[in-house]
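This report describes the fold of one protein chain for a reader at the start of a course. The sequence and the model are shown first, and selected parts are then discussed in turn.

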Amino acid sequence: MMPATLNGRNLLLGVTGSIAAYKAAELVRLCKKAGAEVQVLMTPDAARFIPPLTLGTLSEREVLVEIFPENEDGSWTKHVNLGLWADLFVVAPATAQTLAKLAYGFCDTMLTATALASRCPLLVAPAMDHDMYLHPATQANLERLRSFGVEVMEPGYGELASGLVGHGRMPEPEAIVARLTEKLVEIDASAERKDQLTGKRVLVTAGPTREPIDPVRLITNPSTGTMGYALAAAAHARGADVILVSGPTNLATPTGVTRIDVTTAEEMHAAVQQHADVDYVFMVAAVADYTPIETAPSKIKKDEGDLTLRLRRTPDILATLGKNKHNGQVLVGFAMETDDVLANAQRKLEKKNLDWIVLNNLHEQGAGFGNGTNRVTLLRRDGHREDLPVLPKRAVAEAILDRVLG
Ligand code: CTP
């Protein structure tokens with residue numbers, strides 16, 4: 001017996017014209033068994049692969065296909081009402097055609113119009129032939145959908161209806177139901193945390209700094225800024241007023257976040273000082289500790305023998321904040337260590353007068369610069385310590401906020 005993990009949930013299931021549409025019958029059955037109300041929306045092409053009667057019988061609701069009602073009975077706002085009714089919208093299978101429409105806001109069928117009118121999260125499970133899936137147009141559409149916050153379930157690898165072997169198989173219905181269940185738990189948790197930081201000001205620093213040697217050379221490090229940007233987005237999602245002081249990165253500014261771009265450690269120091277009165281500081285940036293004493297005004301030409309660079313210390317931005325910490329302010333540092341990791345991190349926490357330090361161990365798998373994932377240890381001022389598992393950086397950001405906000 002399947003546990004009723006979707007009890008009382010309202011699901012919109014979009015089914016599109018892929019051979020995998022036959023799997024939608026099993027998907028509807030599993031969702032219903034788990035306690036969900038399921039409204040199926042089919043594209044006209046999907047109805048050529050599986051009769052609406054099958055999905056309508058299994059879901060115990062009339063399957064909707066056309067946006068315009070047949071009998072013009074005044075039910076024109078159905079797509080809007082359904083969009084408000086649903087807790088989650090899943091499109092499985094999602095064809096290249098429907099993905100393209102969703103990516104560009106088309107609303108020519110009941111499915112696409114409802115997707116545009118929905119406030120709930122959208123999850124898509126692409127299913128198509130290998131080359132269609134890997135085509136740059138499809139990949140770009142998926143990227144665009146991800147940038148709107150749509151979750152893409154990666155298709156499996158295996159034998160396809162065309163006889164080819166490749167990527168493009170729709171995930172099995174059991175796996176989709178498992179993900180839907182998990183996602184609804186995440187949605188509930190994020191609804192609870194939505195106002196946790198309302199009225200609070202949060203400063204996040206991110207990325208590397210660049211210290212110029214001459215107009216064409218610089219001292220920097222491989223930080224991509226991903227962890228800091230994830231924290232800024234997560235804090236904003238919890239209602240905070242977020243200022244992101246960023247070194248050079250290729251990342252897009254998270255929606256709703258105020259970004260201040262800087263290049264050098266000095267510039268970062270000045271920008272942080274301007275906002276030093278915030279409630280929370282997350283100093284994620286990988287600040288260069290040294291900068292050339294002089295920046296040559298023109299390119300240094302190479303010569304016989306070695307070149308000696310003379311460097312001086314940059315300001316310790318976090319230590320300055322620690323010295324002037326105001327009542328109730330929470331300072332969180334990040335430490336990148338390779339040896340004696342715990343002792344070094346603890347020492348930094350005390351020396352810089354921090355409340356928390358997040359320790360990255362460069363030698364741990366899944367941690368460090370540029371990875372989509374991170375593995376960190378959290379140390380609190382009172383000596384409490386917690387090792388987090390390897391997680392995507394956004395999940396690490398959420399976990400850090402959960403702990404720091406208590
Ligand atoms: N930090 C800072 N200003 C600096 C250097 C570091 O604010 N000039 C901050 C980092 O953003 C991080 C914390 O201090 O939050 C620890 O950084 P890390 O580079 O690990 O430590 P350092 O203080 O530079 O010490 P060490 O070089 O001895 O490891």
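## A strand covered on both faces

Strand β17 is covered on both of its faces: W356, V358 and N360 on one side are buried, and so are I357, L359 and N361 on the other. Because six of the six residues of β17 are buried, this strand is largely enclosed by the rest of the structure. The model in which this is seen is a predicted one.

The strand β17 comprises residues 356–361 and runs parallel to strand β16, residues 330–337, with six bridges joining the two. Individual pairs can be followed along these strands. I357 in β17 is the bridge partner of G333, and N360 in β17 stands opposite M336.

## The sheet around β17

Strands β16 and β17 belong to an open sheet of eight strands, whose order is β12-β11-β8-β13-β16-β17-β19-β20 and whose pairing is mixed. At the edges lie β12 (258–261) and β20 (385–387), each of which pairs on one side only. From one strand to the next, the twist averages 15°. In general, the strands of a sheet pair through backbone hydrogen bonds, and this pairing is either parallel or antiparallel.

A helix also lies across part of this sheet. Helix α14, formed by residues 393–405, lies across β13 (280–283), β16, β17, β19 (376–380) and β20. The helix α14 runs at about 140° to β13.

How many of the residues of strand β1 are buried? For this strand, residues 10–15, the count is six of six, and β1 is described as mostly covered. N10, L12 and G14 point one way from β1, while L11, L13 and V15 point the other way; all of them are buried.

Strand β1 pairs with strand β2 (residues 37–42) in the parallel sense, over six bridges. Within this pairing, Q39 in β2 is the bridge partner of L12.

## Two individual residues

H130 is placed in helix α7, which covers residues 130–134. Is H130 buried or exposed? Its relative accessible area is 18%; because this is under the 20% limit for burial, H130 counts as buried. When neighbours within four places in sequence are left aside, the contacts of H130 are with L160, V165, G166 and H167.

F106 is found in a loop, between α5 (96–103) and α6 (110–117). Not counting residues up to four places away in sequence, F106 touches K101 and T112. The C-alpha atom of F106 is separated by 46 Å from that of V330, a residue 224 residues apart from F106 along the chain.

## The protein as a whole

The protein contains 14 helices and 21 strands. Its C-alpha trace spans about 80 × 55 × 40 Å along the principal axes. Of its 406 residues, 48% count as buried. Among contacts with a separation of 6 or more, 67% are between residues 24 or more positions apart.

The protein exposes about 20100 Å², of which carbon and sulfur atoms supply 51%.

Note on methods
Residues numbered from 1 in each chain as written. Predicted model: local features only at pLDDT ≥ 70, side-chain atom pairs only at ≥ 80, totals over all residues. Heavy atoms only, no water. Helix = DSSP H or I, 4+ residues; strand = E, 2+ residues; numbered from the N terminus. Buried < 20%, exposed > 50% of the residue type's maximum accessible area, 1.4 Å probe, protein only. Contact = heavy atoms within 4.5 Å. Areas by Shrake-Rupley, 256 points an atom, 1.4 Å probe, with all protein chains shown as cover. Pairing = 2+ DSSP bridges. Axes fitted to C-alpha atoms, helices over the stretch in contact; angles between N-to-C directions.
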